[in-house]
Amino acid sequence: MTASQDGVTVVDHPLVQHKLTLMREKDRSTKSFRQLLNEIGMLLCYEVTRDLPTELIEIETPLQKSMQPIISGKKLVFAPILRAGVGFLDGMLELVPAARVAHIGLYRDPDTLQAVEYYFKAPSDIADRMIVVMDPMLATANSAVAAVERLKERGAKDLRFVCLLAAPEGIARLRGAHPDVRIWTAAIDERLNDHGYIVPGLGDAGDRMFGTR
């Protein structure tokens, strides 16, 4: 189940929504929060890869030879924005174990809310691959915009963004800066508060993942 408009796909599958509700609970344990994020990552990966191109190859079943589909072209690149983005990574790699991984280290300056880069490492051939950028929260979108810009500087052309929650302000910012990058999310919440957090949201995803809140 999905609802799409203006380059944004909301994955409203009941399993996704159920798990998201559990993650929103303020007393949810770090272990449970991390596990739920991993599970939702798998479900979102299923949706973001729904239109991957395929080609037919000949295989031999126990009964006869047969032409069957496989994914064509080079495999994906998963690009988590550190640190919270890694919460999606294991679940997505479960589905696409041959995918390459890029790491983008960004933190949000608490005063300006701007993204500050501290690490970047990506495969050399990202220009030839579809890249899935991931971060649980699309709030101000400063980190998302910076990550996409950095990947494009390295030659990336086919980019998609996956998040757990998005604010309308973040969607507008990312789509305005990079209208070619489609967004997949489990929910679009009401707004950002004065501190740049999504409301009602679920707090700081990184803090809740690593028990540092």
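Predicted model: local features only at pLDDT ≥ 70, side-chain atom pairs only at ≥ 80, totals over all residues.

Guide: We'll go from the whole chain down to a strand, a core and a proline.

Visitor: How many helices and strands does the protein chain have?
Guide: The secondary structure comes to six helices and 14 strands.

Visitor: And what is the radius of gyration of the chain?
Guide: It is 18 Å. A compact globule with 213 residues would have a value near 17 Å, so the chain agrees with that. Along the principal axes, its C-alpha atoms fill a box of roughly 65 × 35 × 30 Å.

Visitor: What share of the residues count as buried?
Guide: Of the 213 residues, 47% count as buried.

Visitor: What does UniProt list for residues 10-212?
Guide: An unreviewed UniProt entry lists that stretch as "domain: Phosphoribosyltransferase". In the model, the span is 33% helix and 32% strand, and its end C-alpha atoms lie 29 Å apart.

Visitor: Let's zoom in. Is strand E5 mostly covered or mostly open?
Guide: Strand E5, residues 77-82, is mostly covered, with six of its six residues buried. Val 77, Ala 79 and Ile 81 are buried on one side, and Phe 78, Pro 80 and Leu 82 are buried on the other.

Visitor: Which strands does E5 pair with?
Guide: Strand E9, residues 130-134, pairs with E5 in the parallel sense over four bridges. There, Phe 78 has Val 132 as its bridge partner. In E6, the bridge partner of Val 77 is Arg 100.

Visitor: How does the chain cross from E5 to E6?
Guide: The path runs through helix H3, residues 86-95, and this β-α-β crossover is right-handed.

Visitor: New topic. Which residues touch the most other members of the largest nonpolar core?
Guide: Those are Phe 78, Leu 164 and Leu 202, in a core of 37 residues. Several elements each supply at least two of the core residues, including H3, E9 and strand E11 (158-166). Helix H2 gives the largest share, seven residues.

Visitor: Why would nonpolar residues gather like that?
Guide: In soluble globular proteins, nonpolar side chains tend to be buried together.

Visitor: Phe 78 again! What is in contact with it?
Guide: Leaving aside its neighbours within four places in sequence, its contacts include Cys 45, Leu 89, Met 92, Val 132 and Met 134.

Visitor: What about a second core?
Guide: There is a second, separate core of 28 residues, with Val 77, Ala 102, Ile 104 and Leu 151 among them.

Visitor: Last one: where is Pro 168 found?
Guide: Pro 168 is in helix H5, residues 168-177.

Conventions. Residues numbered from 1 in each chain as written. Heavy atoms only, no water. UniProt positions renumbered as here; feature names shortened; annotations may be inferred. Buried < 20%, exposed > 50% of the residue type's maximum accessible area, 1.4 Å probe, protein only. Pairing = 2+ DSSP bridges. Right-handed = clockwise from strand over helix to strand, strands pointing away. Core = buried A, V, L, I, M, F, W, Y, C linked by side-chain atoms within 4.5 Å. Contact = heavy atoms within 4.5 Å. Rg over C-alpha atoms; globule rule 2.2 N^0.38 Å.
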